[in-house]
Amino acid sequence: MTMRKPPSPRAWICLSIGWLLGMDLLSESQHGCVGQEPIAPEGATLEVRPEDRNLRLHQIQVIGTHNSYHLAPAPKIMSLIGLTGKSVSEAIDYSHANLETQFGKYGIRQIELDIYADPEGGLYSQPVGKRLAQQTEPDPRMAFDFDTLMKRPGTKIIHAPGFDFATHVPTLSMALEQTVAWSKSHPGHLPVLILLEIKESATGPAGVKPLKYDRSMLDALDAEIRGCVESRMLVTPDSVRGECKTLREAIETRGWPTLENLCGKILFALDNTDSLKDRYLEDHDVLQDRVMFVSVGAEHPAAAWMKINDPIRDFERIQQCVQKGFLVRTRADSDTQQARKNDPTQREKAFASGAQFISTDYPVPDSRWSGYSVQWPDRAVYRRNPITTR
């Protein structure tokens, strides 16, 4: 038998990195259908224009960020990733400002966090990319002790365990604490939508196997959110549904609460649209007692919010959902391509689609590529929705 020559270390690294990255590349009153009560903090200065206070949430548009915690891999690690091909390293070569800056300076009102279960702690504390790159010095961009925090039990926030792990907020509790602190210091802000994408897989040289979220872990995730965000600050499916039988009925007969009622609030949505979404809905078909909204079809009893990321391909579908009163999140750009080409096509379709949450990696331009960015004129926090406020 002819023995094959083992792959070189360089080839092994290329294949392993490619394999890894390829896997990832109100509270309002319970009057429900029969009425609402103002719930904005008393005495708060609302950032909503006086003439817009009675608009409902589905009647405006705001800017959000994609992978809002993300920092591009450090140079040594990025060099290793680059061995797999230019497109792979280009796709993750973006970094966001910290959450406080995004909320305060850039007017971001939707963030997205990728989360991994780590109830025992330490599962993601030794990234293989860090070892291969022989990165021994702390990353100065991360204003915390990465090794210490990653060893503690708790839900972690990273993009990919092996190589793309640099983050502003390594834990969900830290991200929520920062968001709540900012919210309390700006009580009149428009509601902030937090998307949570649960990660259950990692392959190749990650050296770890992420945990699956079973029913008890999903319940624990809801409990963790409630433990970090006071009930008076939460907009939940129950508070939106009120006395209606289903969320869809509440949206179709009344619509979302008014902006005046929602200022100073936080709402959550599950980014996953696969079987994990079904697990979250199990025995909660209208999201009763749940914290997060989920992306389902317009005929589903839990229909209220939808993730439709491609505003070019799904332009008409987004408009149809928006016209019915549903909230939609879409994306203005992806994989750094629009910024590198200074191509506004997808951004302009997202604006015109009426999607209420338009997510970007560029709330401000990256001077390395172009002047491309996603923002409203004069850096307004919101604008009236072109579909629902004609």
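**Briefing: salt bridges, core packing and backbone**

D52 counts as buried because its relative accessibility is 0% (buried means under 20% relative accessible area, exposed over 50%, partly exposed in between, with a 1.4 Å probe and protein chains only). D52 also forms a salt bridge with R384, with 2.7 Å between the closest N and O atoms (a salt bridge is a side-chain nitrogen of Lys or Arg within 4 Å of a carboxyl oxygen of Asp or Glu). This pair links distant parts of the chain, 332 residues apart. The model is predicted: local features need pLDDT of at least 70, side-chain atom pairs count only at pLDDT 80 or more, and totals for chains, interfaces and linings use all residues. Residues are numbered from 1 along each chain as its sequence is written, and side-chain values use heavy atoms, with hydrogens and water left out.

**Overall picture**

- The protein chain has 15 helices and eleven strands (DSSP runs numbered from the N terminus: helices are H or I with at least four residues, strands are E with at least two).
- Of its 390 residues, 58% count as buried.
- The accessible surface of the chain comes to about 16,500 Å² (Shrake-Rupley method, 1.4 Å probe; for residues, only the protein chains shown count as cover).
- Carbon and sulfur atoms own 50% of that surface.

**Salt bridges**

- The structure holds 27 salt bridges.
- In the D52–R384 pair, D52 sits in the loop between helix 1 (9-22) and strand 1 (60-65), while R384 belongs to strand 11 (residues 382-384).
- R384 counts as partly exposed because its relative accessibility is 38%.
- D93 and R368 meet through their side chains in another salt bridge, 3.1 Å from N to O.
- D93 lies in the loop between helix 3 (86-91) and helix 4 (99-104), and R368 in the loop between strand 10 (357-360) and strand 11, so this pair ties together parts that are 275 residues apart in sequence.
- D93 is buried, at 17% relative accessibility.
- R368 is partly exposed, with a relative accessible area of 45%.
- D93 and R368 also belong to a salt-bridge network that links them with K86, E90, R340 and D366.
- D219 and R215 form a salt bridge with an N to O distance of 3.8 Å.
- These two residues are four apart in helix 8 (residues 215-228), so about one helical turn separates them.
- D219 is partly exposed at 33% relative accessibility, and R215 is partly exposed with a relative accessible area of 32%.

**Nonpolar core**

- In soluble globular proteins, nonpolar side chains tend to be buried together.
- The largest nonpolar core here has 113 residues (a nonpolar core is a set of buried Ala, Val, Leu, Ile, Met, Phe, Trp, Tyr and Cys residues joined through side-chain atoms within 4.5 Å).
- Within this core, L196, I225 and F268 touch the most other members.
- I225 touches L176, L196, L234, F268, V291 and M292, leaving out residues up to four places away in sequence (contact means heavy atoms within 4.5 Å).

**Helix 7 against helix 8**

- Helix 7 (residues 172-185) packs on helix 8 at an angle of about 35 degrees, with the axes 9 Å apart (axes are lines fitted to C-alpha atoms, for helices over the stretch in contact, and angles run from 0 to 180 degrees between N-to-C directions).
- From helix 7, the meeting residues are L172, S173, L176 and V180.
- Helix 8 answers with L221, E224, I225 and C228.

**L99 in helix 4**

- L99 is found in helix 4.
- L99 is buried, with a relative accessible area of 1%.

**Positive phi**

- Most residues other than glycine have a negative phi.
- D289, which is not a glycine, has a positive phi near 70 degrees.
- D289 is in the loop between helix 12 (275-281) and strand 7 (292-294).
- D289 counts as exposed because its relative accessibility is 54%.
- N342, also not a glycine, has a positive phi of about 50 degrees.
- N342 is in the loop between helix 14 (337-341) and helix 15 (345-353).
- N342 is partly exposed, with a relative accessible area of 44%.
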